[in-house]
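Good morning, colleagues. Please have the sequence and the model in view.

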Amino acid sequence: MHAPHKRAARRMTRPVRITVIAVGLALTAIPVAAYAGSPTPQAAPQSAAAAAKAAAATGLDDPAKKEIAMQLVSSAENSSLNWKSQYKYIEDIDDDRGYTGGIIGFCSGTGDMLDLVELYTERKPDNVLAKYLPALRKVNGTPSHSGLDPNFTKDWAKAGSDSAFKKAQDDERDRVYFNPAVKQGKADGIGTLGQFAYYDAIVMHGDGDDSTGFSAIRKRALSKAKPPSQGGNEVTYLNAFLDARVWAMKQEEAHEDTSRVDTAQRVFLKKGNLNLDPPLEWKVYGDSYHIG
């Protein structure tokens, strides 16, 4: 396994207050071009009521499916399925967002790291990161390390062993990223795979007001296809959403590798696995993964 491929952190406005596994199975490489224009078998359109009922019945918030989602994202974020080992992770990945750390890539330059440390400090005032709050407020919106170096990364790693900090990371991930993605997915009448596609998009792009944020990606997809909640076909809509997602990724150099869509989410969609049922096999950055 090569070094982790951390994606460039999302652009976003500051939030308002968020297994059996075998790695390395070989997969047959599937050319990106094969997905771009190839026809996909179409099922009969669902009624909006039936789609909403189906999406509500099962979803990414099922504990087993949520665990799969965490592993899928970690394969792209950290080149590992062991997402629970990432609470201590922190580095500057040279993307002009300052430090990136934790299970979802909280960033000192985008505000969500600040919100995380504020939440942690509310719950545990004497924590090792509390002293950095003034500096985190000053560097928010910039790539600066001012007031954080030289010991912030060491203290973050130390906090990563604290159950209270882990819980704060889990809660912020859910509040800012996971729960909104699942809620919007269910409202659109899409199932577990579609909800994951939403979640992965909001993790990378955030939901700011720029042209590559999650809402803009969804709007671009809606201009091409109707979701099941509006009587559209789920596969057709998800293909449109993934097309829009790939477009958004290609707008930034750090996101040019679109394999987390092309050889992962597209693979599941092409197989008709709308419920993300194991076994799952996919590739990211050329590495093969398996969840059995």
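Pro150 sits in the loop between helix 5 and helix 6. Here, as throughout, helices (H or I, at least four residues) and strands (E, at least two) are DSSP runs, numbered from the N terminus. The peptide bond leading from Asp149 into Pro150 is cis, with omega near 10°.

Before I continue, a word on the source: this is a predicted model, in which local features need pLDDT of at least 70 and side-chain atom pairs count only at pLDDT 80 or more, while totals for chains, interfaces and linings use all residues. Residues are numbered from 1 along each chain as its sequence is written, and side-chain values use heavy atoms, with hydrogens and water left out.

A cis peptide bond also joins Pro278 and Pro279, with omega about 0°. Pro279 belongs to the loop between helix 11 and strand 5 (280-284).

Ser79, a residue other than glycine, has a positive phi near 55°. Ser79 lies in the loop between helix 3 (63-78) and strand 2 (90-92). Is Ser79 buried or exposed? Ser79 is buried, at a relative accessible area of 5%; buried means under 20% relative accessible area, exposed over 50%, and partly exposed in between (1.4 Å probe, protein chains only). Asp96 likewise has a positive phi, near 65°, and is placed in the loop between strand 2 and strand 3 (99-101). Asp96, however, is exposed, with a relative accessible area of 62%.

Let me stay with loops for a moment. Ser108 lies between strand 4 (106-107) and helix 4, and is buried at a relative accessible area of 2%. Its C-alpha atom is separated by 5.3 Å from that of Gly98, ten residues apart along the chain. Neighbours within four places in sequence aside, Ser108 is in contact (heavy atoms within 4.5 Å) with residues including Arg97, Tyr99, Met113, Leu136 and Leu148.

I turn now to helix packing. Two packed helices are described by the angle between their axes and the distance between the axes. Axes are lines fitted to C-alpha atoms, for helices over the stretch in contact, and angles run from 0 to 180 degrees between N-to-C directions.

Helix 8 (residues 192-205) packs against helix 9 at an angle of about 135°, their axes being 9 Å apart. That makes helix 8 oblique to helix 9; angles under 35 degrees count as roughly parallel, over 145 as roughly antiparallel, 65 to 115 as roughly perpendicular and the rest as oblique. Tyr198, Ala201, Ile202 and His205 of helix 8 meet Phe214, Ile217 and Arg218 of helix 9.

On to the next pair. The axes of helix 9 (residues 214-222) and helix 10 (residues 234-249) come within 8 Å and cross at roughly 130°, which makes helix 9 oblique to helix 10. Among the residues making this contact are Phe214, Ile217 and Leu222 of helix 9, and Tyr237, Phe241 and Trp247 of helix 10. By class, the contact has ten nonpolar, no polar and three charged residues; Ala, Val, Leu, Ile, Met, Phe, Trp, Tyr, Cys and Pro count as nonpolar, Asp, Glu, Lys and Arg as charged, and the others, Gly among them, as polar.

Helix 11 (residues 259-270) is mostly covered, eleven of its twelve residues being buried. Just after helix 11, Gly272 takes a positive phi of about 75°.

Finally, the charged pairs. How many salt bridges does the structure hold? There are 16, a salt bridge being a side-chain nitrogen of Lys or Arg within 4 Å of a carboxyl oxygen of Asp or Glu.

Asp171 and Arg123 form one of them, at 2.8 Å from N to O. This pair links distant parts of the chain, with Asp171 in helix 7 (residues 163-187) and Arg123 in helix 4 (residues 112-123), 48 residues apart.

Lys124 forms a salt bridge with Asp162, the closest N and O atoms being 2.8 Å apart. Lys124 lies in the loop between helix 4 and helix 5 (133-139), and Asp162 in the loop between helix 6 (152-159) and helix 7, so the pair ties together parts that are 38 residues apart in sequence. Lys124 is partly exposed at 30%, whereas Asp162 is buried at 14%.

Lastly, Asp174 and Arg173 meet in a salt bridge at 2.9 Å, N to O, and both are buried. Together with Lys66 and Asp170, Arg173 and Asp174 are linked in a network of salt bridges.
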